[in-house]
Structure formats: C-alpha cells, structure tokens
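Colleague: I have a model open and some questions about its architecture. Can we go through them briskly?

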Protein chains: 2
Amino acid sequence: MNRKLKNEELNRISIEEFKSTAKTPIIIVLDNIRSLNNIGSVFRTADAFLIKAVYLCGITATPPHREIQKTALGATESVEWKYFKSTGEAIDLLKENDYKVAAIEQTENSTMLDQYPINENEKLAIVFGNEVKGVEQEVIDLSDSIIEIPQFGTKHSLNISVSVGVVVWELYRKFNP
Amino acid sequence: MNRKLKNEELNRISIEEFKSTAKTPIIIVLDNIRSLNNIGSVFRTADAFLIKAVYLCGITATPPHREIQKTALGATESVEWKYFKSTGEAIDLLKENDYKVAAIEQTENSTMLDQYPINENEKLAIVFGNEVKGVEQEVIDLSDSIIEIPQFGTKHSLNISVSVGVVVWELYRKFNP
C-alpha cells in the first residue's frame, strides 16, 4: 500500500531546528529577478535542501511581501537572506568569505551541470539571472566559473525557479554523496 | 573568457526538428493543476529535455491560453499534449500503451528519486498533483510506483513546476547515462 503521508508524518523540522542544523554550503544569489512568484518559489527550494542563505540583489524584491509569501509559504522565516544594491557587492562579500562564485548561464566556456566538480571543503555561491536578460556579463566576468544546464529543445530557457531547483538538487547530492 | 552566447549560438532546434527528433520516453501527467503559471513552466521544461508529451487532466487548463503562454514562451508549439477529463482516464490510456506510471508524492512506501531504477526499454509516465492536495489517493492507487523527492527543511513542499524540473532532470540523465 502507498498511503499518502499526513503533514505530521513528514519529519519536517521546526524553524528553530532549521536555524541550528548544519547547512548545505551553498548560497543562492538572485541577480535582478523580477517575478515575486519566482522569488517565493526559490525560498521554498532553499528550505527543502537546507541552503545556507539567499542573497537578493538589485531589483529583486525582499520579504515580507504578500506576493512572495504566496509561493514561499513561510520559507522566508526559516531561510536566511540578505539584500544587496548590486550583485557585484554581493559577490565581493562572498569572495571575502571564501566562497567560490558560479554563475548559471550559457557561455563560451561553461561547464555542464552534471560534470561540475565539487570539492569537499568548498563553499559555493550560485548566481541566477533576470528572466529576460539572464546573468549580466559583468557579473559573469566576476564569477570563478559558469555552470550550464544542458538543454536540447527549441527554447533553451528554463524558468528561473525551475533552474534553481535543478541546480540545487544536483549540487546538494554532490555535497552529500 | 566566458562570453555569453547569443540566441543564435545556442544550437536550438526548430519546431519541425523537435517533432521529428527521438524523444525521452517520459510523459508528464498533470493531475488537476490550478496555476497557469505552473502549466506554462512545465511546457518549457518538457521542451528543454525532449519530453514525449504532457497530459493535462481535470481542472488543468489547456493551450492556447494567454496566461499559460506567458511562462511557456512558445513551448506549447513544440511539445505534444492531450487533455483528459480525469487523471484515471489518462492512466488507463498510458497503461494500454505499456507505460509504467509513477506518481510523485510522499507516501509510506515511496522510492527516493535518486534511488529510483530505470530500465533501458521502459516508458515512464510521471504524475504531479495539485498545488494544495498533491496527487489524489485514488491516482496513487492506480500507479505502479511512487517517487519521492527527498526534502530536509521545514516545509517539504516544493513548487510543482520546480518538482517537475528536478524529477525530469534526474530521469533524463538516467535514460541517457
């Protein structure tokens, strides 16, 4: 039998437990994301995979916000976040704190997601770009590496919250083999 | 240098090429999905990973629809889709056509996504449920297996289009090792 689990059977941790539990050494950086829907959805993904923090940059809106809450469903309470006027400022702070910075984009010398190597003691910031423009070239120039999600169809443009899900799932498993 | 690729450098295939190219033997089944945003986003993911078809069931809206188009960005033109009054009808047809049916849910005897085995000659339908209720118990009872996305935070409820992205990425790679 495959009885659906009730909410109280899901082994969900409390917000306090989330704050004190060991995190995946990943920070998600949102570079000028326009859609409040996408921002909320990213918080939920960050909660699910114990992501260390979400950095909201430029025009990216911040909680508390009714439209973010609609898709975040409370995950803005568990996941740590910071706001930066520019993505460049966020990257400066990340580098000071020994994070490697990887932009998620399609570039000349990108590494495909499945082939991206993770070192055990690494801390990694992953940068996702605007819905229309993608990650800005100047942010790419500041990054240590570029990760590309291989795509095979007519569009080559996954929704940004879908991209975050795919990349975080893959990297979570590389950090927890 | 990591110059961003221009659209014309992305090796995107045409709609005609998409129609005639070999597909990933996966059909995505949407069981009463409410959000037009999510439906459109699923089409874009299906386009990216050469998914065979999307089955839209129950209250799930169908193209052409302005709000689906906003997030599908044209992927409803490449990806094949069918509408079914009920998810049960879709599953009946899938089984007649030798598809194994896997529901994506959190149940008593679910298999974690990373451990889900794929046989080389298998055809697989993956069922995603309503934003609030998840996959209906009667649909779970009709399924051959249950796939669970392991989650570790306070919510255990990824956005449905994010779930589709994570599962399709993982299964695409299992079908193309």
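Colleague: How many helices and strands does chain A have?

Modeller: This is a predicted model. Along the sequence, the elements of chain A run α-β-α-β-α-α-β-α-β-β-β-α-β-α. The count for chain A is 7 helices and 7 strands.

Colleague: What is the radius of gyration of chain A, and how does it sit against the globule rule?

Modeller: The globule rule gives 16 Å for 177 residues. Chain A comes close to that value, so it is as compact as a globular protein of that length. Its radius of gyration is 16 Å.

Colleague: What share of the contacts in chain A joins residues 24 or more positions apart?

Modeller: Take the contacts with a separation of 6 or more. Residues 24 or more positions apart account for 83%.

Colleague: How many residues are in the largest nonpolar core?

Modeller: Residues with the most contacts inside this core include A:Ile28, A:Leu30 and A:Ile126, as well as B:Ile28, B:Leu30 and B:Ile126. Beyond its neighbours within four places in sequence, A:Leu30 contacts A:Val54, A:Leu56 and A:Phe128, among others. The core has 104 residues.

Conventions
Residues are numbered from 1 along each chain as its sequence is written. Chains are lettered from A and ligands numbered from 1 in the order in which they are written. This is a predicted model: local features need pLDDT of at least 70, side-chain atom pairs count only at pLDDT 80 or more; totals for chains, interfaces and linings use all residues. A nonpolar core is a set of buried Ala, Val, Leu, Ile, Met, Phe, Trp, Tyr and Cys residues joined through C-beta atoms within 7 Å. A residue is buried if 20 or more other C-beta atoms lie within 10 Å of its own, exposed if 12 or fewer, and partly exposed in between; C-beta atoms are placed from the backbone. Two residues are in contact if their C-beta atoms, placed from the backbone, lie within 7 Å. Helices (H or I, at least four residues) and strands (E, at least two) are DSSP runs, numbered from the N terminus. The radius of gyration is taken over C-alpha atoms; the globule rule is 2.2 Å times the number of residues to the power 0.38.
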